[in-house]
Amino acid sequence: MEYKNCYLYGLKSKKKLLELLHIDRKVYCKSSFLNCKIKPYIDINKNKKKRLVEAPDEDIKNIQSIILRALQMIKVPNYAFSGIKGKCYIDNAKVHSNKKYLFKIDISKFFPNIGRNKVYNFYLNKLKTSPDVANILTNLSTINLDLKNQNTKTMSKVNEFINDANIKKRNHLITGSPLSSIMSYFANVDMFEEINKIALKYKITMTVYVDDVVFSSNHKIPYFFRKNILKIISKNSYDVSVKKCKWYNVPENKKVTGVILDKNGKMQVPNRLMLKTHNYIQEVKNGDKTNINKLQGCLVVANSINGKLKELRGQLKNIKN
């Protein structure tokens, strides 16, 4: 790992750090102040599934974006796709195309279970910053829920969710930060490196896309391999979602980070995306241009997956013109 490519590497001066992050007020170094600028709440989607959202205000997001750009300068292994510049979930799935067998796991409630210490240790031990610089960077990357006003209805719901979801760390990586995806990798780089060494030993391809860890091979992935991987994750104080843990021991359709790999390992557009695209096309044909930008987005994704619907993109361009 080439950490020296990052301009935060070896940084010892707090003054220099504040200059690099364009911070002109020292109060931004304090955890108590930063926590006031992050709003945690529980979001419920249309399937009534709950998730913890911790939304930084624009000032903090801008600072976190600067840290993100610095971290993206670090050259990472080919298996890492978490917030890495120039890589996306489609690229992650593409690595596993043309493979017959697959094993995938989902680390439960990953961000809020990445404790402050893991983030701090990355800045201190991997980027070799001074303790005070590492502390400021950690304050900007994490949230301490104990510093929030516990007497509000919102925090009552947050606390209830944390208990029900078995989230172990109340002081953890921010879930809604621009740098959280890449930090989820760097804060756990030793764990992922240990897993990858085992995968390489058995000639198994591995990728990491935030909380999705995927393994593929042209020979069956043995049970003892899967068991060892789960042990390593458990050793690092994480749980694996049983419902989202899946292995394919025969050639069949597989879903990897939202992309379908068919029996032959070819990338296919998911049915849900195809249906949505079809519905938007019908709307446009009927003269309703409300969702034309959404249609364009669907066509871009579909084309990135397997090159299909390319002609429709050209037709859409003419319609927009």
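1. In this note, contact (or touching) means heavy atoms within 4.5 Å. The structure is a predicted model, in which local features need pLDDT of at least 70 and side-chain atom pairs count only at pLDDT 80 or more, while totals for chains, interfaces and linings use all residues. Residues are numbered from 1 along each chain as its sequence is written, and side-chain values use heavy atoms, with hydrogens and water left out.

2. Met 73 touches Asn 5, Cys 6 and Tyr 7, when residues up to four places away in sequence are not counted. Met 73 sits in the loop between α3 and α4 (89-94), where helices (H or I, at least four residues) and strands (E, at least two) are DSSP runs numbered from the N terminus. The C-alpha atoms of Met 73 and Glu 2 are separated by 8.9 Å, although the two are 71 residues apart along the chain. With a relative accessible area of 38%, Met 73 is partly exposed, on a scale where buried means under 20%, exposed over 50% and partly exposed in between (1.4 Å probe, protein chains only).

3. A nonpolar core is a set of buried Ala, Val, Leu, Ile, Met, Phe, Trp, Tyr and Cys residues joined through side-chain atoms within 4.5 Å. The largest one has 65 residues, of which Ile 67, Leu 71, Met 183, Phe 186 and Phe 215 touch the most other members. Helix α3 (residues 58-71) gives the most to this core, with seven residues. Apart from it lies another core of 20 residues, including Val 214, Val 259, Met 267 and Ala 302.

4. Four strands form an open sheet with antiparallel pairing, in the order β6-β7-β3-β8, where two strands pair if DSSP finds at least two bridges between them. Its edge strands, β6 (205-209) and β8 (246-248), each pair on one side only. Strand β3 (residues 101-106) is joined to β8 by three bridges, and Lys 104 has Lys 246 in β8 as its bridge partner.

5. Helix α10 (residues 223-235) lies across β3, β7 and β8, and runs at about 20° to β3; axes are lines fitted to C-alpha atoms, for helices over the stretch in contact, and angles run from 0 to 180 degrees between N-to-C directions.

6. A further open sheet has three strands in the order β9-β10-β11, again with antiparallel pairing. Since β9 (254-256) and β11 (267-268) stand at the edges with a single partner strand each, one side of each is left without a neighbour in the sheet. Strand β10 (residues 259-261) pairs with β11 over two bridges, and Ile 260 stands opposite Gln 268 in β11.
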